[in-house]
Every structure is written in C-alpha cells, then in structure tokens.
Protein chains: 2
Amino acid sequence: MAYMTDILYFDNAATTAMSKQALETYVSVATNYMGNPSALHKEGLKAKALLQEKRESIAQHLGVQASTLTFTSGATEANALVLNNLIWAPQSGHAVLSNIEHPSMKEHARILRQLGWSLTFLNAPHGFVNPEDVQAALTEKTRFVGCMLVNNVVGSIQNVGTLVSLVREYQKKSNRKIHFHTDAVQALGKIPFSLTELGVDSASFSAHKFKGPQGVGLLYNIDPALQPLSRGGNQENGMRPGTENLAGIAAMGTALDEAFAHLEENSQRVEKINHFLRSELSCLPILSPSEHASPYILTISVKPLPSEVFTRMLYDRGFCVSSGSACSNNAKQKGESVLTSMLVRSDEAKSSVRLSFGYDTTFAEAESLASTIKTLYRELT
Amino acid sequence: MAYMTDILYFDNAATTAMSKQALETYVSVATNYMGNPSALHKEGLKAKALLQEKRESIAQHLGVQASTLTFTSGATEANALVLNNLIWAPQSGHAVLSNIEHPSMKEHARILRQLGWSLTFLNAPHGFVNPEDVQAALTEKTRFVGCMLVNNVVGSIQNVGTLVSLVREYQKKSNRKIHFHTDAVQALGKIPFSLTELGVDSASFSAHKFKGPQGVGLLYNIDPALQPLSRGGNQENGMRPGTENLAGIAAMGTALDEAFAHLEENSQRVEKINHFLRSELSCLPILSPSEHASPYILTISVKPLPSEVFTRMLYDRGFCVSSGSACSNNAKQKGESVLTSMLVRSDEAKSSVRLSFGYDTTFAEAESLASTIKTLYRELT
C-alpha cells in the first residue's frame with residue numbers, strides 16, 4: 001500500500017483504518033450471510049444468531065448484559081438517541097453538560113433551549129470537570145447530566161464515577177430520575193474502565209475509533225425510560241429500528257476482540273511514544289494533562305504560530321495530525337472553545353496541534369514526527 | 001459458498017446479499033483510505049474527494065444535483081430524519097400518510113399525535129392510494145404528505161407524481177408549504193423513475209435492497225427547511241453529522257452502478273419469472289396487482305392455511321420467503337394491516353406469502369419454488 005510509505009498517520013482520534021482481521025470478518029459475513037436478521041427463514045435465523053453472538057461477546061468485553069447494548073451507526077447517533085429524549089420529553093427541565101463535550105452532544109443545546117430547557121455548561125479547568133461544579137449545578141429540575149469519559153481534544157480522563165455518585169446522591173434526595181450519559185468514544189479499546197462501576201445510565205461508542213468499520217457504533221443503556229430515535233421495526237428491542245448492519249457489527253466485534261487482547265500492551269507502547277514526544281517537545285507548551293490522561297492523545301501548542309499554518313506544513317511533509325476535532329469543518333473554533341474552557345490561554349489554544357496515536361503507531365514514526373516538529377518550529381519562529 | 005446449493009432465496013425485498021463488486025469496492029476503500037473525510041490532511045482530503053465523487057455518481061443515476069443527497073445509515077434513518085422535523089416543529093399541524101407505509105414511517109404516528117398533530121391515514125384500495133383521497137384529506141393545516149413509491153408488501157407502484165401535483169395545487173391556493181416525502185426503497189435499481197418528475201421534496205433509499213451494504217442509505221431532499229436528526233459536526237452539510245461510512249458509501253455507489261447498468265435486462269428477466277409464477281400459481285389468489293406493480297415482488301395467498309404455517313414448511317425445504325415485511329418482529333400483523341387497507345379479504349391476508357426476487361434469481365429456482373408451493377398446497381388442503 002503506497003500510502004504507508006509516505007503518510008505518517010497521527011490522527012487516530014479522528015478515525016483509524018480498519019484492521020485486517022476486522023475487514024476479513026466483514027468480507028466473510030457479507031459473503032456468507034444473506035438473510036435479514038428479522039426474517040424467520042434459515043438465512044434470517046442464521047443472521048440473527050450471529051447478531052446475538054456478537055452482542056454477547058461485545059457485552060462481555062464491556063462487562064455488561066447483552067440486553068443493554070444497542071447497535072447504531074456510530075456514536076453521533078447514539079448521543080443523538082439519548083439527547084432526543086430530552087427534546088421529546090413532555091416537560092422541559094434542566095440539563096448539565098460539560099463544555100468539553102463533542103459537538104454531537106453540545107450542538108443539541110440550541111434546540112433544547114428553544115424547547116424551554118435550561119442548560120448549565122461546566123468548564124473543565126486544566127482539562128477536568130470539577131465534581132463540586134457538578135454538585136453546584138444540580139437543581140430540582142435537573143433531568144440530565146452528560147460528561148464524556150476521555151476528552152477528544154486533550155485526552156483528559158474525566159472523573160465520571162465521582163460525578164455519577166454525586167448525581168445519584170442528589171437524585172435520592174430529590175426523588176427525581178437524573179439520566180447520566182457518557183460519551184466514551186475515545187476510551188473504548190484504549191483505557192480500562194467499567195461501565196457498571198462508573199454507574200452511568202448510558203454510554204456511546206464508535207467502532208472506527210478502534211480499527212472497526214466506519215458507520216457502526218454502540219449505545220449502552222440501562223434507563224428503561226429511554227425512547228428510540230427512529231421508529232419502525234422492532235430491531236434492537238425497538239430501540240434502533242432499521243435492518244442491522246450485520247457485517248459491520250461483526251467487524252466491530254473483531255476489532256474489539258483485538259483491542260482487548262492487546263489493551264495493556266498497546267497502552268504501554270503508546271505511553272512510551274507519548275512520553276518520548278512530551279520530552280522531545282518539552283520546549284513547547286503541552287496542553288494535554290500529564291496525569292489522568294489517555295496516552296493516545298497528546299496536544300501541544302506551537303505558539304505563536306497559528307495551528308492551521310503549522311499543521312499545513314506538517315501535512316506537506318506527509319504527517320496527518322489535527323488542529324482540533326476532525327468531526328466538524330469549523331473544528332478549529334470548536335477545539336479552541338474546548339481548550340478555553342480548560343483555562344488554556346487563548347494564544348496557546350489558537351496554536352494547538354493534536355497528535356493522536358493508534359495501535360500501529362511506531363516509535364520510528366514518532367521520532368520522525370518529533371524531529372520534523374522541532375525543525376519546523378525552529379525555522380518558523 | 002455452501003448456502004447457494006441448499007438455500008433458495010426469495011426474500012430480496014427484505015435484504016439482498018452484497019454484490020461481489022460492491023464488496024470489492026468496500027475492501028479497496030477500507031484498505032486504501034485511512035483518513036476522516038473531515039480532516040484537512042492528505043488522507044482526509046483524499047477521503048473527502050472520494051466521498052464527493054461517489055455523491056456525484058449516485059446523483060447522476062438519480063438525475064439530481066449532488067447537493068440534494070445526504071448519506072445516512074439506511075432508509076429508516078432517512079425516514080426518521082424527515083419525520084422528526086414534524087416532531088420538532090414549533091407548531092403541530094396535520095399530516096397525511098398512506099396506510100401502506102413501511103413501519104419506519106407509520107410508527108411515528110403515536111408520538112406525533114401526542115404532540116398534537118392530527119393524522120389522516122389513507123387506504124390503498126386494490127394496492128393503490130387514490131389521488132381523490134389525497135385531495136380530500138388536505139386541509140389548511142396540512143404540512144406533510146407521505147406516500148411510498150413501491151409498496152413493500154405487494155409491489156404496487158403508487159401514482160406519486162399525480163399525488164404530488166394535487167398537493168402542489170392545494171399548496172398554491174393555501175400558500176403554505178406542504179412537504180411531500182416518498183419512501184422509494186423498493187424502487188431504486190428496480191424500476192425507472194425520476195425524482196424531479198415526481199416532484200417530491202424528499203425520498204429515502206437503502207443500499208442493502210440493491211446489493212449494496214447494510215447500514216448505508218440515502219436521503220434526497222430539496223426542502224431547505226429540513227433540519228438534521230442528529231447534531232454535531234458539519235458532515236453532509238450539517239444534515240447528517242457523524243464520521244461518514246466511506247467504504248460503505250463507495251460500495252453503495254458500485255452496487256448502484258451495477259443496478260443501473262442492468263436495470264432493463266434485470267427487469268425483463270424478473271418479469272418473466274414473475275409471470276411464470278403467476279401462471280403456475282394461478283390456482284391461488286394473487287394479492288399483487290397485475291398492473292402498475294414492480295416485477296420484483298409477488299404476493300400470493302395460500303388460504304385457508306395460515307401464512308406462518310406455510311412459510312415454515314417452505315423454510316424447511318430451503319426456501320427463504322416472507323409472511324410480511326421482515327423489518328419487524330410482529331411483521332405478520334403489520335403486513336396484514338397493509339393488505340387489509342388494500343381491501344384484501346381478511347382470510348386471504350392471513351394467508352399471505354411474499355415472494356421477492358433479486359438480480360440473481362434464476363428461472364430454475366422459480367420453477368423449483370412453483371412446484372414446491374403447488375405440492376405443499378395440495379398436500380395441506
């Protein structure tokens with residue numbers, strides 16, 4: 001593959017290429033399964049059995065019941081499914097979201113406000129949402145709290161377990177259900193966590209972040225009140241109608257099997273790469289926290305150079321990095337606003353460059369990146 | 001492939017196996033494109049270019065502007081995207097839907113009614129929605145009319161062009177926009193039609209119905225007021241955020257290329273199979289209309305035998321057929337209610353068996369199906 005020789009890919013938080021094994025699973029299922037999992041004939045039952053087998057093996061990795069999992073087209077849909085329950089709620093209420101959420105969470109704010117919801121957005125000073133701030137934000141009208149597990153801009157691991165405990169305590173007193181949702185897209189297959197220990201009501205995941213296929217994701221949910229986003233057939237217990245993407249789901253299962261088989265080993269290797277880059281680039285401000293952060297994301301600042309100038313020069317040299325979340329065309333502004341809410345200085349935020357690593361990032365690639373960044377920075381400043 | 005020898009697949013209206021070429025495209029894109037189409041580096045731009053190339057080639061097949069197309073996870077999502085605009089509308093109004101719509105359309109009724117919408121459901125006597133009934137249903141409060149292009153239960157082709165004209169005439173007088181949506185899932189790649197001639201505002205499609213991948217679909221829309229279902233990044237012009245399923249979209253493009261290259265030839269071959277089965281099974285009530293119907297769907301009645309008994313016996317003999325739409329676990333009831341709204345007698349509806357053909361259905365397979373149905377029917381009655 002020609003691109004492997006001239007492309008150095010450091011944008012794994014945006015998307016990862018499908019693994020060979022996951023692609024093999026996709027091909028095998030697409031070739032050998034022809035029925036609709038909802039059909040009652042042999043091919044349908046065969047497809048349904050595979051769907052259930054995959055749901056169970058994925059549930060096992062997550063340490064949850066298979067019945068809590070709904071396959072979606074990705075985390076954006078999973079987040080929308082949860083947040084649309086607020087839009088559809090017979091009465092408006094109050095919702096608490098962190099200011100560092102992915103746009104697929106935050107962008108619901110406008111319509112929720114239109115519908116009479118009040119929203120509290122919490123900053124994440126130095127990368128982390130403060131438990132005290134969550135506690136202070138809760139009111140009798142609070143029906144929803146959303147906080148991601150691993151931030152996609154700097155990699156900070158939020159203290160979701162503590163936030164959930166505080167919400168549950170408040171809930172007990174007020175005797176009103178508060179749904180806690182976590183977008184765990186950057187966590188799955190990268191850092192160890194337990195959904196049941198965190199205590200969240202729901203969580204969203206996307207296969208293409210861990211070398212599974214694009215267009216496949218997962219919603220974990222234990223809140224019986226949750227309503228589906230689309231209506232139609234009874235697929236996914238009615239939670240997500242539409243013919244299941246069987247080959248894609250199976251491929252996600254394979255990618256997750258691989259990720260979990262090598263979780264520790266991958267993490268250690270990526271940590272070394274992360275530490276190496278931190279030390280090589282110590283002349284620059286490092287925006288990712290040094291503790292409680294995923295090793296897979298390292299965001300630096302190249303101030304006073306605007307990030308789009310610097311990243312373009314890296315692109316020209318064959319490096320794929322990001323000046324913000326790739327999930328938006330005006331990503332830079334959004335990345336900046338996330339950084340600002342982390343109390344990153346504006347001049348540093350405007351110069352942010354995100355380096356994100358994958359299971360196949362090599363030390364040699366990291367060395368090449370470090371020396372190119374250093375040379376470029378010296379030349380330009 | 002072992003299943004080819006012992007499975008005779010007559011459930012192509014539920015799903016079709018991915019074509020060899022479409023799967024090859026999937027593998028090639030998954031292998032050679034590693035970037036997120038929203039990323040600005042080389043791999044991102046390469047992915048974005050392919051996405052646009054595919055959008056344009058698909059638009060060309062449909063005879064529409066590329067900018068009118070939004071890639072989704074399937075027709076269920078495309079239908080939900082359109083219908084959620086009613087749910088989110090600041091004011092409730094009146095909507096007209098045919099009684100023969102797919103559950104992914106009809107199942108929105110409950111929530112719409114909860115939100116104060118009034119709904120008129122139109123029957124389709126002998127398979128077809130009456131233009132007069134649409135005309136009579138329109139009121140000053142009507143904001144939406146939905147009617148599928150090809151019915152999934154019997155294959156009747158609805159006179160959507162005429163229905164749209166009537167709606168547009170009314171709209172001119174009342175000076176209020178009425179959105180016309182057509183679910184064209186069973187039409188694309190099977191019967192010729194022109195979206196611009198039909199004059200609809202929006203239409204939905206699903207790749208796995210024409211040998212593309214599951215989990216990929218398409219929304220055509222020219223109504224500038226339409227709002228997205230999910231929120232987040234600006235993918236698909238903001239209409240459908242979430243990282244694009246590039247390999248899946250490209251594979252859908254290939255499947256559509258193939259379908260259009262052989263549209264006429266496939267149609268003629270399937271028509272012969274359809275006519276052959278109609279004549280072989282002429283001892284049974286044929287529930288599919290003999291005119292203005294897709295040749296790809298033939299629904300018969302095996303009265304007085306319940307359809308689930310008869311279909312199970314066909315399953316045991318290796319045939320995949322359907323007792324209703326496969327898109328729902330309680331499909332039989334739903335198929336029955338569609339048939340009832342077509343004025344099919346209740347005893348015939350309870351005994352319905354849908355045979356649906358694909359591009360690769362052979363005459364020999366149809367002969368085997370006809371003789372098995374006849375033998376079984378004789379033995380059981």
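1. Twelve residue pairs are in polar contact across the interface of chain B and chain A, both residues at pLDDT 80 or more (N or O atoms within 3.5 Å, one able to donate a hydrogen and the other to accept it; residues adjacent in sequence count only if both atoms are side-chain atoms). On the side of chain B that touches chain A, α2 (20-32), α3 (42-62), α4 (75-88), α5 (103-106), α6 (109-114), α12 (307-316) and β10 (319-320) each supply at least two residues (DSSP runs: helices H or I of at least four residues, strands E of at least two, numbered from the N terminus).

2. This is a predicted model, in which local features need pLDDT of at least 70 and side-chain atom pairs 80 or more, while totals for chains, interfaces and linings use all residues. Residues are numbered from 1 along each chain, chains are lettered from A, and side-chain values use heavy atoms, without hydrogens and water.

3. The area buried between the two chains, B and A, is about 5800 Å², with 58% from carbon and sulfur atoms (accessible area lost on being put together, 1.4 Å probe, summed over both parts). Met34(B), His41(B) and Arg231(B) lose the most area in chain B, together 13% of what that side buries.

4. Thr72(B) belongs to strand β2 (residues 69-72) of chain B. Thr72(B) counts as buried because its relative accessibility is 5% (buried means under 20%, 1.4 Å probe, protein chains only). Its side chain reaches the backbone nitrogen of Leu218(B) at 3.5 Å. Beyond four places in sequence, the contacts of Thr72(B) include Glu77(B), Gly215(B) and Arg240(B) (heavy atoms within 4.5 Å).

Methods: Buried means under 20% relative accessible area, exposed over 50%, partly exposed in between (1.4 Å probe, protein chains only).
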